[in-house]
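I wrote down what I looked up, step by step.

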Amino acid sequence: MASVDLRDNLLGISWVDSGWVPILNPSNVLEYFSERSNPFYDRTCNNEVVKMQRLTLDHLNQMVGVEYILLHAQEPILYIIRKQQRQSPTQVIPLADYYIIAGVVYQAPDLGSVISSRVLSAVHGIQSAFDEAMSFCRYHPSKGYWWHFKDQEERERVKPKSKRKEEPSSLFQRQRVDTLLLDLRNKFPPTFYQPKPGEKPVPVEVKKEPEVPVEIVKPPEERDTKPPAPPGPPRPAPQTTPNKPPPEKRARLQ
């Protein structure tokens, strides 16, 4: 397998020249980008040919090869420079984009690098989760597999045990009290009730239960005196059977 040269991957580096930062503008940003210490600049590009021949940048459209152009400028902090392969005055192929933020030059990653980085981060996170989960797995031939979390046991030991809150009353007590209150309400209904707050109370009509008639007991002088009934013929006395002794037990003949 061929070794990969880390110098070819420019996505992890940046470059800045602090002397140019205060005076950067759209007219001199390409000159700032073409500094010899800039690792993103290609010395074989058409910009160097135009610069040595002291021509304007408009002559780049008539040439063929690699060139750098100012793609976007947002003064005074952001500039975007594109590296492209020119094949004709009207046909170019983009090769790379570079953005300058506050004088610091970075290379913009391509779509393949972004997808590769996101997939690598996701796979690394999943692998780390599996490794951590396997560290809590335990196995025994008689018990099988189970999970053993040491942190959870320590938290349970340190955490104070909360006392279970007792209920003020049971269901039976609440139902019994409601029954007693309903009986008292029926026996002693309210005299007034208030439909809405602030209104005058309205009297309640209480239905009186019918009174039970009381039996009048007359004095002994006013009671009707009747002559006693004549005695009837005497009733025969009930016959009583004489008490017989229990029969004697006879001996069995063998």
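**Entry 1: Glu67**

I began with Glu67 and found its place in strand 1, where a strand is a DSSP run of E with at least two residues, a helix is a run of H or I with at least four, and both are numbered from the N terminus. I noted that the model is predicted, that local features need pLDDT of at least 70 and side-chain atom pairs pLDDT 80 or more, while totals for chains, interfaces and linings use all residues. I also noted that residues are numbered from 1 along each chain as its sequence is written, and that side-chain values use heavy atoms, with hydrogens and water left out.

Is Glu67 buried or exposed? Glu67 counts as buried because its relative accessibility is 1%; buried means under 20% relative accessible area, exposed over 50%, and partly exposed in between, with a 1.4 Å probe and protein chains only.

I then looked for polar contacts, which are pairs of N or O atoms within 3.5 Å, where within protein one atom must be able to donate a hydrogen and the other to accept it, and residues adjacent in sequence count only if both atoms are side-chain atoms. The side chain of Glu67 has such a contact of 2.8 Å with that of Gln84, and another of 2.9 Å with that of Arg86. Leaving out residues up to four places away in sequence, I found that Glu67 touches several others, including Asn46, Asn47 and Leu60, where contact means heavy atoms within 4.5 Å.

**Entry 2: the nonpolar core**

Next I looked up the largest nonpolar core, which has 19 residues, with Phe33, Ile100 and Val105 having the most contacts inside it. Such a core is a set of buried Ala, Val, Leu, Ile, Met, Phe, Trp, Tyr and Cys residues joined through side-chain atoms within 4.5 Å. Two or more residues each come from helix 1 (29-33), strand 1 (65-74), strand 2 (78-88) and strand 3 (91-101), and helix 1 gives the most, with 4 residues. Apart from its neighbours within four places in sequence, Val105 is in contact with, among them, Ile13, Trp15, Phe33 and Ile100.

**Entry 3: Val119 and the whole chain**

I found Val119 in helix 3 (residues 111-135), and Val119 counts as partly exposed because its relative accessibility is 48%. Finally, I recorded that the protein chain has 5 helices and 8 strands, and that buried residues make up 15% of its 254 residues.
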